Amino acid sequence: MPSRPSPYVRPLDLCDDAAAGAVHRIGRAAYAVEAALIGFDGIPALGESLAAMRARPLRWLGAVTGTGAGSGAGAGAGAGAGAGEIAGFLAWEEGPEGVVSLDRLCVDPAWFRRGVASLLLEHALTEVFPDRPVEVTTGAANSPAVALYERLGFVRGADFSPVPGLRMASFTRAATGS
């Protein structure tokens, strides 16, 4: 199998149909894997329509294969011509008092175990919101996600069960200061 180019991080615009379609497809595929890992198939994003996903008040970063951030006309596009393939994405919303709430961090299963989630999260923590507290939740049995958050300095809080049969782990990362 030929090797793929390493991804780079750039903002995603979900007004772009190709980007939105790729994000929706990758999210469903990634959440299907998480559902199997945690033994719970009721993850809301699994049933989310493309329109509902686009309507969420989130900001989006993508790990995109290609030539890099300065690649010309395609650099600001979605997954369209010349822009490369989206390998994964991170979405968040800005909460009260500057808290960043990570909403989703998804990697295309074809890109699992290649550092895509780490690339996205490290970029966001150092370049996009370096001096802000960050919170995130994941399935408590999602050991790859739990290990990633712990490795990047998140502190595990109390686990909780929003619905019967689902145990979630909560994590926070304090603002790093300037």
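Two strands are taken to pair if DSSP finds at least two bridges between them. Helices (H or I, at least four residues) and strands (E, at least two) are DSSP runs, numbered from the N terminus. The structure is a predicted model, in which local features need pLDDT of at least 70 and side-chain atom pairs count only at pLDDT 80 or more, whereas totals for chains, interfaces and linings use all residues. Residues are numbered from 1 along each chain as its sequence is written, and side-chain values use heavy atoms, with hydrogens and water left out.

Strand E3 (86-94) pairs with strand E4 (100-107). The two strands run in the antiparallel sense and are linked by 7 bridges. Within this pairing, Glu-94 has Val-100 of E4 as its bridge partner. E3 is also joined to strand E2 (residues 59-64), by 6 bridges and again in the antiparallel sense. On that side, Trp-60 stands opposite Ala-91 in E3. Of the 9 residues of E3, 7 are buried (under 20% relative accessible area, against over 50% for exposed and partly exposed in between, with a 1.4 Å probe and protein chains only). The strand is therefore largely enclosed by the rest of the structure. In a regular strand, side chains alternate between the two faces of the sheet.

The hairpin formed by E3 and E4 has 5 residues between the strands. Glu-97 lies in this loop and adopts a positive phi near 60°, although it is not a glycine. Its relative accessibility is 80%, so Glu-97 counts as exposed. Arg-113 is placed in the loop between E4 and helix H3 (116-128). With 83% relative accessibility, Arg-113 also counts as exposed. Most residues other than glycine have a negative phi.

A further loop, between helix H4 (143-151) and strand E6 (155-156), contains Leu-152. Because its relative accessible area is 13%, Leu-152 is buried. When neighbours within four places in sequence are left aside, Leu-152 is in contact (heavy atoms within 4.5 Å) with Leu-121, Glu-122, Leu-125 and Arg-173.
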